[in-house]
Amino acid sequence: MRRSAPLLAVLGVLVLGGWAGAESAAAPETIRFPSADGTTSLVGFLFLPDGPGPHPAIVLLHGRSGPYSSLARGVYTAATLSGRHLAWGRFWGEQGYVALLADSFGPRGYPAGFPRGSYRQRPAAVSEQTVRPLDAYGALAYLRTRGDVIGDRIGLQGWSNGAMTALVTMSDTAPGITHPTPATGFRVAVALYPGCAMEHVEDRFAPYAPVLMLIASADDEVSPARCQQLAARSRAAGAPVELVVYEGAEHNFDDPGPGKQSRDANRRATDDARVRAARFFDANLKRRPD
């Protein structure tokens with residue numbers, strides 16, 4: 001476990017300047033692609049880098065609130081995506097990645113997502129353990145059909161419930177893929193403040209490719225201690241899991257709104273998470289395998 005101090009502070013400040021103005025840029029492209037569940041046509045939002053490519057790519061998985069702003073007022077489109085998803089999607093485009101944000105909830109009838117504390121009441125149709133990993137693998141398959149994507153250089157990033165999905169997706173027993181490897185599945189994953197008390201990974205988490213977990217010590221929605229325990233067990237068994245704890249940061253620390261960014265610990269965590277995730281993805285997606 002690592003307790004983080006600000007990383008590459010100068011670069012973080014430069015990036016943050018672009019973060020604050022993310023919502024003023026053009027909306028991403030809206031696409032549709034099939035989930036690996038074989039029945040659901042998913043909505044996706046595609047953020048593209050400059051140049052013809054081919055480029056490495058990242059699949060983005062939203063949390064329990066869904067991909068849209070709380071101010072969407074019933075209009076669920078690329079124009080009403082949340083500030084966090086817009087900011088991260090555009091950031092990855094600027095870094096030379098194709099980024100695909102997959103909406104798992106809207107096509108299944110829950111575009112506004114779910115409120116805090118609703119975990120046990122959520123329908124099985126949106127399970128982060130049995131259903132949403134199939135969406136992730138559907139997004140992977142779609143990206144591999146694109147001529148502007150390097151098919152074996154695709155990563156995964158998720159937040160909260162989407163980060164839980166990411167952990168299951170990277171498991172060596174993930175639904176949606178048989179005998180997964182970094183070449184056949186995702187090359188790497190970043191999970192921001194997941195809940196780690198899931199049956200699929202709680203007793204044994206053996207990811208088939210490197211996973212970086214970024215958690216908040218003051219998280220009052222999920223247990224950071226459970227994630228620390230999970231990561232420690234996985235590393236002891238030889239799994240490629242890295243964990244960073246942001247002291248004083250809260251759940252959703254990277255929400256760009258003033259409610260989170262007015263707090264120093266959240267700002268520092270956001271800065272560091274962005275730079276650290278970029279370094280992690282670059283090392284695994286922009287370099288060719290040995």
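Analyst: The questions and answers below set values from this predicted model against the cut-offs behind each term.

User: What makes the pair of Tyr 137 and Phe 186 an aromatic pair that is tilted?

Analyst: The ring centres of Tyr 137 and Phe 186 lie 5.5 Å apart, and rings pair if their centres lie within 6.5 Å. The angle between their planes is 45°, whereas stacked needs under 30 degrees and edge-to-face over 60, so the pair counts as tilted. A search of the whole structure finds 15 aromatic pairs.

User: Why is this pair said to link distant parts of the chain?

Analyst: Tyr 137 belongs to helix α3, residues 132-143, while Phe 186 sits in the loop between α4 and β7, and the two are 49 residues apart. Both residues of the pair are buried.

User: Why is α3 called roughly perpendicular to α4?

Analyst: The two helices pack at an angle of about 75°, with their axes 9 Å apart. Angles of 65 to 115 degrees count as roughly perpendicular, and therefore α3 is described in that way relative to α4. In this contact, Arg 132, Pro 133, Ala 136 and Tyr 137 of α3 meet residues of α4 that include Asn 161, Gly 162 and Thr 165. Sorted by class, the contact has 4 nonpolar, 4 polar and 1 charged residues.

User: How do you know that a disulfide joins Cys 196 to Cys 227?

Analyst: The distance from S to S is 2.1 Å, and a pair of cysteine sulfur atoms within 2.5 Å counts as a disulfide, so Cys 196 and Cys 227 qualify. The search of the whole structure finds 1 disulfide. Cys 196 lies in the loop between β7 and α5, and Cys 227 in helix α6, 31 residues apart. The link is right-handed, with 90° about the S-S bond, and both Cys 196 and Cys 227 are buried.

Note on methods. Residues numbered from 1 in each chain as written. Predicted model: local features only at pLDDT ≥ 70, side-chain atom pairs only at ≥ 80, totals over all residues. Heavy atoms only, no water. Phe/Tyr/Trp six-rings, centres within 6.5 Å; stacked < 30°, edge-to-face > 60°. Helix = DSSP H or I, 4+ residues; strand = E, 2+ residues; numbered from the N terminus. Buried < 20%, exposed > 50% of the residue type's maximum accessible area, 1.4 Å probe, protein only. Axes fitted to C-alpha atoms, helices over the stretch in contact; angles between N-to-C directions. Parallel < 35°, antiparallel > 145°, perpendicular 65-115°, else oblique. Contact = heavy atoms within 4.5 Å. Nonpolar A, V, L, I, M, F, W, Y, C, P; charged D, E, K, R; others polar.
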